[in-house]
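Please walk through this structure step by step, beginning with the terms that are needed and then moving to the places where its parts touch.

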Amino acid sequence: MSNIEKYDAIFIKSFDVDGSVLGPDLKYQSIPSWDSVGHMSMVAAMEDSFDVMLETEDIIDFSSYDKGKEILSKYGVEF
Amino acid sequence: MSIFDGLEKFGDKIAFVCESGEVSYIDFIELSSVISGLVLPRSLVFLVGCNELNCVAAYVGFLRRRVVPLLLNDNISVAQLKNLIDIYLPLYIFICVDKSGEFSGDYEVAGEFGGYILLRRIGGGVGKFSGVGGVELHDDLGLVLTTSGSTGSPRLVRISYKNILTNTESIIDYLKITSSDRAITTMPMAYSYGLSIINTHLKAGASIILTEATLMDRGFWDIFKKYRPNTFGGVPYIFEMLKRLRFGRMDLSFMRYITQAGGKLDGEFVAEFRDICADKGIEFIVMYGQTEATARMAYLPFERTYDKKNSIGVAIPGGKFWLENDDGKIINEPNIAGELIYQGDNVSMGYANNADDLTKADENCGVLRTGDIAQCDVDGYYYIVGRKKRFLKIFGNRVNLDEVDMLLKRAGYDAVATGKDDKLKIFVTKNQIDKIKNLLAEQLKLNPIAFDIELIEQIPRNNAGKILYANLPEI
């Protein structure tokens, strides 16, 4: 699986959404399942899947589908 | 008398820090009096709100004027709210502007405060409604709370003025809250634990940073760093978030203590937080309570987290615990499990299931059967080891499994609810997992992560049709 496929799969599973909603409009609290609880579980899945450990600031700033890719790329995950 | 009588004495001291800036006690009391002045004493008002200045001012004003508020979370669905209104017939509703239009058929605007509207029942004073002229509220009744956050269950807890006063004073006593403390909100005001933090800090003349931002918001940590609270509280999942956010690496030099309640935190987890906190000079205090006891029943003194990390501690000042076996006999030997019974002036008056119940006097007489199974060690410290009733704590909210069973049945599913804290397990006989997930998320207002739905061939039942929980697949 490519990184983008892994990334998308985590969003779909963590937030219980259809692949069609993945895009620039998908942001923290833009859908009911992306609340603080959903955020925590999504971040945990990202860390496990990409074998990285995010800094506090990056966990908080991971606030949209697009922003997440930007943050992970700082940890060497290429999309 | 209300716990908020005499708050004027704190004068120019800061009561709240919110988005619009700092608000002194004098200004806060003035705002609360303006709102409550529009409402008749001894009437019922639905306060549908959040951690926002006007909502808290309305709450305090209502208590001071002997108006009885039912506190509801503002994420409650309009359908659930309408159902509660039909059952309890409040004379007033205090609600955000966006939702207020939904009730224009029966209610008219009586006042507007920031983003909130006070609605008054049209023709109020005529016919059957709760409060003056209608169903008379019991004289001792000061506040009504739900037991399950925002699930819309009509079962409410009746809390007296004495309940609030004694529990607030007791908490101030054991946490040593003073006017130099500054708390930050992390839980809804309509949730008894969140409310107890507001009550205790106001009563002590301390300050409260009001925010709706969660720990996963940048906004929360911006306010946190700027205003430097010295305390906050959290339910178990908040501590999971703190751990994930590398709590141990944060600068928390300004914090005095952190409290935990709203469900059992694993002992290893308690030890981990104890060590992190001790390192930073912060006390980590595990507590235990229920809305039926206004909020708090027990606490574990910080120094005892070293030798009793699995314990809920001892009864709060003014309270008392004992254990009873299945025959109702008091257990006097240590380390024998039985139902945990609490006695204290903070034990609520009882439940309400309809408007008429709001006229009832105290039914509990200071004694609460907690429904939790506990044991006590030789030093008198209590440990929760199980539950008598079928309910779970999910993200700090109580979820009654029988109610979930009913909800699924009404929706036409052959299903049964079980599980453990923070994980509601559903066994169902037809593959409609997505539909059930959506139904539960909508009705229980919980993140679907909390649900684990599994297909099974048949729900085990005895000849009488009763579900055999022990025969369900292991979870």
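Axes here are lines fitted to C-alpha atoms, for helices over the stretch in contact, and angles run from 0 to 180 degrees between N-to-C directions. Helices (H or I, at least four residues) and strands (E, at least two) are DSSP runs, numbered from the N terminus. This is a predicted model, in which local features need pLDDT of at least 70 and side-chain atom pairs count only at pLDDT 80 or more, while totals for chains, interfaces and linings use all residues. Residues are numbered from 1 along each chain as its sequence is written, and chains are lettered from A and ligands numbered from 1 in the order in which they are written.

Chain B is divided, by an automatic or database domain assignment, into domain 1 (7-137), domain 2 (163-386) and domain 3 (399-471). The centres of domain 2 and domain 3 of chain B, taken over C-alpha atoms, are separated by 30 Å.

Where the chains meet, two residues are in contact if their C-beta atoms, placed from the backbone, lie within 7 Å, and the contact takes 16 residues from chain A and 19 residues from chain B. On the side of chain B that touches chain A, helix H7 (218-227), helix H8 (236-244) and helix H11 (433-444) each supply at least two residues, and the largest share, 4 residues, comes from H8(B). That side divides into 11 nonpolar, 2 polar and 6 charged residues, where Ala, Val, Leu, Ile, Met, Phe, Trp, Tyr, Cys and Pro count as nonpolar, Asp, Glu, Lys and Arg as charged, and the others, Gly among them, as polar.

One helix pair joins the two chains: the axes of helix H2 (residues 36-50) of chain A and H8(B) come within 11 Å and cross at roughly 40 degrees. H2(A) is therefore oblique to H8(B), since angles under 35 degrees count as roughly parallel, over 145 as roughly antiparallel, 65 to 115 as roughly perpendicular and the rest as oblique. The residues that make this contact are A:Ser36, A:Val37, A:Met40, A:Val43 and A:Ala44 of H2(A), together with B:Tyr237, B:Glu240, B:Met241 and B:Arg244 of H8(B).
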